[in-house]
Amino acid sequence: MISALDALKLLQEGNRRFTSDASSRDEFSSRLRRIETASGQQPFAAILGCSDSRVPVEIVFDQGLGDLFVIRVAGNIVAPSQIGSVEFAAEQFGTRLVVVLGHTRCGAIEATLEQLQRPTENQSHNLHSIVDLIRPSVEGLLTTHLRHDLEALAREAVRANIRASVRHLRRGSPIIEHLIQQAGLMVVGAEYSLETGVVDFFDGLPKKNS
Ligand SMILES: [Zn+2]
C-alpha cells in the first residue's frame, strides 16, 4: 500500500484532471477494471464525505473502481459507524490516508445554523441527531462578529465542522490512534468548492505540503 503522502498526491492530481475537464473516467470504470477488482480491493484513500448530490467523491477526484473507500453521510459527521468504517479500511486494506471532505454551501451546516438561531420543536429525531453532532463545532461562531454576516458565518462553519470531524476521527478509537502513531496513518481535512470544483486540503497537512 502506498504512503499517506503519495495517496494525497494522487487525489490532488485527480482533482486537477477533474477541474480541467481531463477526466479518465471511461478507463476507470471499464469492464477490464471491473474484472480486475472483482476479486479484491486496495483503496489508497478513505474519504468521509457529505451525501450532497453535487459532491460525488470518485468523480471530483477522478478515480475509479477499487480506488477509494467512501463513507458518505449528511454533514460528513463522525459517529461510531463512520469510525468503524475507517478502522475497517485501514486494517483490512492497509489504507493510510483518511480525508474528511466537506463542501461549500452544505445544507446540513446551514440547517444547524438555522436551528441554533431559530430553534424549532418539530424537527425529526433522526435529523436532530445529525444537527447535534455538528452543533458543538459551529455554535461558538455565533458569539463572534460573524453573526452579522451570514454568508461568512456559513463559510466558516463548514470549515469548523470539517476540522471537528478530523479531530474526532483522529481520537476516534485506540485502533486509529495506534495506526497514526505507529503506521503512518494520516487524517486530513479538505473542502470542495461547488463553484470551482477545486478541493482545498486545508487541515492536518505536514507543513511543507500545506
Ligand atoms: Zn453537505
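Colleague: How many disulfides does a search of the whole structure find?
Modeller: Zero, going through the whole structure. Keep in mind that this is a predicted model.

Colleague: OK, and which residues coordinate the zinc ion?
Modeller: The zinc ion is coordinated by C50 through SG, H103 through NE2 and C106 through SG. Those atoms sit at 2.1 to 2.3 Å.

Colleague: How are the donor residues spaced in sequence?
Modeller: The pattern is C-x52-H-x2-C.

Colleague: Is C50 buried or exposed, and why?
Modeller: C50 counts as buried, because its relative accessibility is 6% and the cut-off for buried is under 20%.

Colleague: What about H103 and C106, buried or exposed?
Modeller: H103 is at 1% relative accessibility, so it counts as buried. C106 is at 2%, so it counts as buried too.

Colleague: Switching topic: which residues touch the most other members in the largest nonpolar core?
Modeller: Those are L48, V98, I109, L113, I134 and L169, out of 38 residues in that core.

Colleague: And which elements give two or more residues to this core?
Modeller: There are strands and helices on that list: β1 (45-49), β2 (68-72) and β3 (97-103), plus α5 (80-93), α6 (107-117), α7 (125-138), α8 (150-170) and α9 (174-183).

Colleague: Which of them gives the most?
Modeller: That's α8, with nine residues.

Colleague: Let's zoom in on L169. What is it in contact with, leaving aside neighbours within four places in sequence?
Modeller: With that exclusion, L169 is in contact with L48, V78, I83, V86, V98, V100, I176 and V187.

Colleague: What other core lies apart from the largest one?
Modeller: There's another core of 23 residues, and A4, L8, A45 and Y192 are among them.

Colleague: Now S193. Where does it lie?
Modeller: S193 is in the loop between β4 (186-192) and β5 (199-203).

Colleague: Buried or exposed?
Modeller: S193 counts as buried, because its relative accessibility is 13%.

Colleague: What does its side chain pair up with?
Modeller: The side chains of S193 and E195 are joined by a polar contact of 3.1 Å. Also, a polar atom of the S193 side chain lies 3.1 Å from the backbone nitrogen of T196.

Colleague: And beyond its neighbours within four places in sequence, which residues does S193 contact?
Modeller: Leaving those neighbours aside, S193 is in contact with T104 and V198.

Note on methods
Residues are numbered from 1 along each chain as its sequence is written. This is a predicted model: local features need pLDDT of at least 70, side-chain atom pairs count only at pLDDT 80 or more; totals for chains, interfaces and linings use all residues. Side-chain values use heavy atoms; hydrogens and water are left out. Donors are N, O and S atoms within 2.8 Å of the metal (3.2 Å for Na, K and Ca); water is not among the atoms, so sites may look incomplete. Buried means under 20% relative accessible area, exposed over 50%, partly exposed in between (1.4 Å probe, protein chains only). A nonpolar core is a set of buried Ala, Val, Leu, Ile, Met, Phe, Trp, Tyr and Cys residues joined through side-chain atoms within 4.5 Å. Helices (H or I, at least four residues) and strands (E, at least two) are DSSP runs, numbered from the N terminus. Contact means heavy atoms within 4.5 Å. A disulfide is a pair of cysteine sulfur atoms within 2.5 Å. A polar contact is a pair of N or O atoms within 3.5 Å; within protein, one must be able to donate a hydrogen and the other to accept it, and residues adjacent in sequence count only if both atoms are side-chain atoms.
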